[in-house]
Amino acid sequence: AAQAENPILKSLNAAQRRAVTSNASTVAILAGPGSGKTHTLTSRVVWLVQQTGYQPSDIVVATFTVKAAREMKERIGKVLGPDCERKIVLGTFHSIARRYLSAYGKHIGLDFKFGIADDGDSRAVIQRICKRHDFNIDPGYARSWISKKKAKGHATEPAPNKKQPENPSLNECYREYQEHLERSNLLDYDDLLVRCVELLREYPACVSNIQAVLIDEYQDTNGIQYELMKLFAQARQRITIVGDPDQSIYGWRSAEIRNLYRLLRDYPDTDEISLEENYRSSQSILDVSLTVIQQDKKRYQKVLLPVHTKGARPVLRKLKSSAAEGDWIVSEIKRAVMMFGDMLTYEDVAILLRSASLSRHIEAALGKAGLAYRMIGGHKFYERKEIKILLDYLRAIYQPDNNDAIARIINVPRRGIGDTTIKRLIEEAEQLKISLWSLLRKHCQGSRKATTKILPKMEQKLNTELLRIISNLQTQAQQITEDSQHTLVDLIEKLLSQLDFKQYLESEYPEDHEQRWQNVQEFLSLANDFVRDAANLEDEMLPEIEDVDQVKDDSILGRFLANVALASDAQKNDDGAEKKAVITISTIHAAKGLEWPVVFVPSVYAGSIPHSRAEDLDEERRLLYVAMTRAQALLYLSCPLYGSQGMGAKVELSPFVSPFASAAFSKQGASFNRPILEGVAKILGRDLPSEKAIFAKLPTMFSPEDNLFPIDPIDTRDAEGLEDSEGYRPKGPKRQRLNNQGYG
Ligand code: ATP
Ligand code: MG
C-alpha cells in the first residue's frame, strides 16, 4: 500500500514497479525501445535514495551520451532536489572515469592535471608519426587498431583472427603514439577507461563508499566498461542494468553484446525483468519498426506491445534527387508544424542520418527555407578554426606540457616561425625528453643555443608574444575558483586582448572575420554558461571517504576543457540556436535513447543503410530500427533516386524496407485527420490544437509561391513497388492528380 502511494511509483506499470523496487542485488531489465527502461532506471535511483537511504554521492549511474546524462540528472533533481542532483555520480563512462582519475589518479602515478586527447587530436598525432616514418598505413585504421588493442586486455574473447598478417609498423606506431601522449600528459578516450580500471583495481578504497551502480544502454558497453562496472560495484555488488540487444549499434567500437551473458554468468542471482509495453510510439510506427527488426532471424525475441492507437501511417517517399529530398523534407516539416497548430513546433522535429556526411543537402534545404537547426553528433562548433586556436591557448595555459597545443600555437597569430622550425623544435624536445614549453623557455632565456636555430628577432617575439602571455594567464587561471572574483570569461577576454585576436581575425580572414568574431562571442557565452552550471550544479568533487586521500582539483579551467573534450554531442549551431525552437539534425548513433514527436530518416538506400563499407549487416538493420523507434507520432523515410555521394550514381531503396514498402507505408505525405490529431495529442500528452491556431499559422508560414500540397507527380517507373495500397482517399469525386490526397 505504501508503494502505491509513492509518487514515483504511481506512474509506472507493474513490471516497471517491480524493477524499481527489486531487492535483488543485481537487476537486469531487457526490453524494447520506448518501454520505459531509462524512465525505470531513473525512478530506481530515486527509490534507492528515498527508500534505502543511500547517499546520492554513493550511487554511480552511467549513461551513453552527455545529453542523456543531463536529462536524467534533471529528472532526479526535480524529485530529490538540487543537492542530490549535484552529488550523484552520473555521466558517461568517460566523464565518470575522468572524475575519478583527477581525484585519485596520483595513486597510480598520474598527474591530476592531465589533458584529454579527443579523436581529432589522436588522429593528428598518429598521422604525424606515420608520416615521419613513412609507415604505409592509413592513420584512421591505425587509430582504431590502437583503440581495439587497448580494449583487448579486457575483451571477453580474443578478437577473431584476421587472415591478413598485421602490418608490423602498427606496433611501432602504437608505441610512439603512447610515448607521445605520456610525454604530453594526455589521455585519449581509451586511456581514460583503461587507467580508471587500473586505479579501481589497485586502489579499491576510492570506491569503498559505492552502494549501487546503474547502467543505461548496457547492450553497447565494451569489455573495459564491463570491467569498470564490476570494479565500481566491488564493495556492495549492487548492479542494475537496462538494455536492448536489438539496439546494439556500437559493435564497430568494440561494444560486446556478450557482456549480457557475462553478467548473468558472473552474477547468477540476477533478477531478470522484462518490460513489454511501448509508451513512445503510435501503433503503426511500432508495427513498421518491428517488421524491420524481425527480419533478423537470430535475434533474441521479446514482446513489445503498443499502448497507443494506430495513428498516422508512416511515410516512405522516393524523390528524384537529393536536392528534391531536402526540399520535400522541408515542406513536410512545414506542413506538419502547421497542421498541428500549437501542438507541434520545430523543436519537435528530428532528422536522423546514417552518417554525418549526409547532412549537406538537408542543411542546404533548411537554410534555403530559413529554418534554424542544430546538429548533434558532430563537433561542428568546437572544430571551427578560431575556436580551436582559443582552446589550444587555454590548454597550454592549463597544462603547458601539452606539446600538441603548444606546437599548434607557436606561430598563430603569425610570428614568422616557419613549419620547418616548428618541426625541428618538436624533434629537439623529443630528443631531450623535455616538453616543448620547457625547450622554448630555454631558448628564450638564452640558456640554450642548440640544434634548432631561431633568429634572435623571432626569439624576442616568441618571448613577448607567446611565453609571456601564457605565463601571465597561468597565474590568473589558478585564481579562478567557483567563488572567486576572477572568472573564466575574464581569462578568455584577457587572452583575446593580449593576442589582439579581433585584429588577427580581421587580417587573416578578411571575408568572414565578423562571423568568426561572432563565434568567439558565442564561445564566451558558452564559457559563462559553464561556470554558472559548474557553480550551481556540477560539483564534480567526489565525496570524502575516510582515510582516502583525494586531490581536489577545483580548477574551473581544467573542468571546462575536459567538458569540451568529452562533449561528443556538443549542441551548438552557427547562431547559438540552442535556446530557440529549432529542428534537430543528428546521426542515428547519437540519437540513441532519445525521442521526438516527428522523425525523418532520409537517404534510406542500399549503400547508405546498410552502409557500403559496413561489416555487420545485422548491425546496420538495428541502426535503422533505432532510428525509426525514436519517433512518437510521425515517421518519414525517404530515398532519392540518385545518391549524394561520389558521382551521384543511381541507388536502390534499402533492402531493409523494400520487401514490405508498399504494404506498410504511405508513399505520399502523412495524412492528418481528427482521430489522428487526437491520437497524437494523447501520445504527447498535449492539448488538441484549436482550428484557430492552425489557421493563424497558415499565412505566416507559407509564402504564396510555396506549394502547400507538395505532392508533385513522381516518375512512377522509379517508384515501382511503392504504390500506396491502403491510402487515404479524398472524399468526393476523384481528382485528376493526387495532390489533394490525404488532407481529409
Ligand atoms: P530506448 O530503448 O529507446 O532507450 P526506453 O525503454 O529507455 O527507450 P524511455 O525513454 O524510458 O524508454 O521511455 C519512453 C517514453 O515512454 C518516455 O517518454 C517515457 O516518459 C514514457 N513512459 C515510460 N513508462 C511509462 C509509463 N508507465 N506510463 C506512461 N509513460 C511512460
Ligand atoms: Mg532509454
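Predicted model: local features only at pLDDT ≥ 70, side-chain atom pairs only at ≥ 80, totals over all residues.
The secondary structure amounts to 29 helices and 16 strands. When contacts between residues at least 6 apart in sequence are considered, 80% of them join residues at least 24 apart.

Ligand 1 is surrounded by 18 residues, of which Gly36, Lys37, Thr38, His39 and Tyr279 are the closest. Among the secondary-structure elements, helix H4, spanning residues 37-51, gives the most to this shell, with 3 residues. By residue class, the shell around ligand 1 comprises 10 polar residues, together with 4 nonpolar and 4 charged ones.

A helix pair was also examined. The axes of helix H15 (residues 322-339) and helix H16 (residues 359-368) come within 8 Å of each other and cross at roughly 50°. Because angles from 65 to 115 degrees count as roughly perpendicular and those under 35 degrees as roughly parallel, H15 is therefore described as oblique to H16. The crossing in which H15 passes H16 is right-handed. On the side of H15, the contact is made by Ser322, Ala323, Glu325, Gly326, Asp327, Ile329 and Val330, while H16 contributes His361, Ile362, Ala364, Ala365 and Leu366. Sorted by class, the residues in the contact of H15 with H16 are 7 nonpolar, 3 polar and 2 charged.

How values were computed:
Residues numbered from 1 in each chain as written. Chains lettered and ligands numbered in written order. Near = placed C-beta within 6 Å. Helix = DSSP H or I, 4+ residues; strand = E, 2+ residues; numbered from the N terminus. Nonpolar A, V, L, I, M, F, W, Y, C, P; charged D, E, K, R; others polar. Axes fitted to C-alpha atoms, helices over the stretch in contact; angles between N-to-C directions. Parallel < 35°, antiparallel > 145°, perpendicular 65-115°, else oblique. Left-handed = near helix turned anticlockwise from the far one by under 90°. Contact = placed C-beta atoms within 7 Å.
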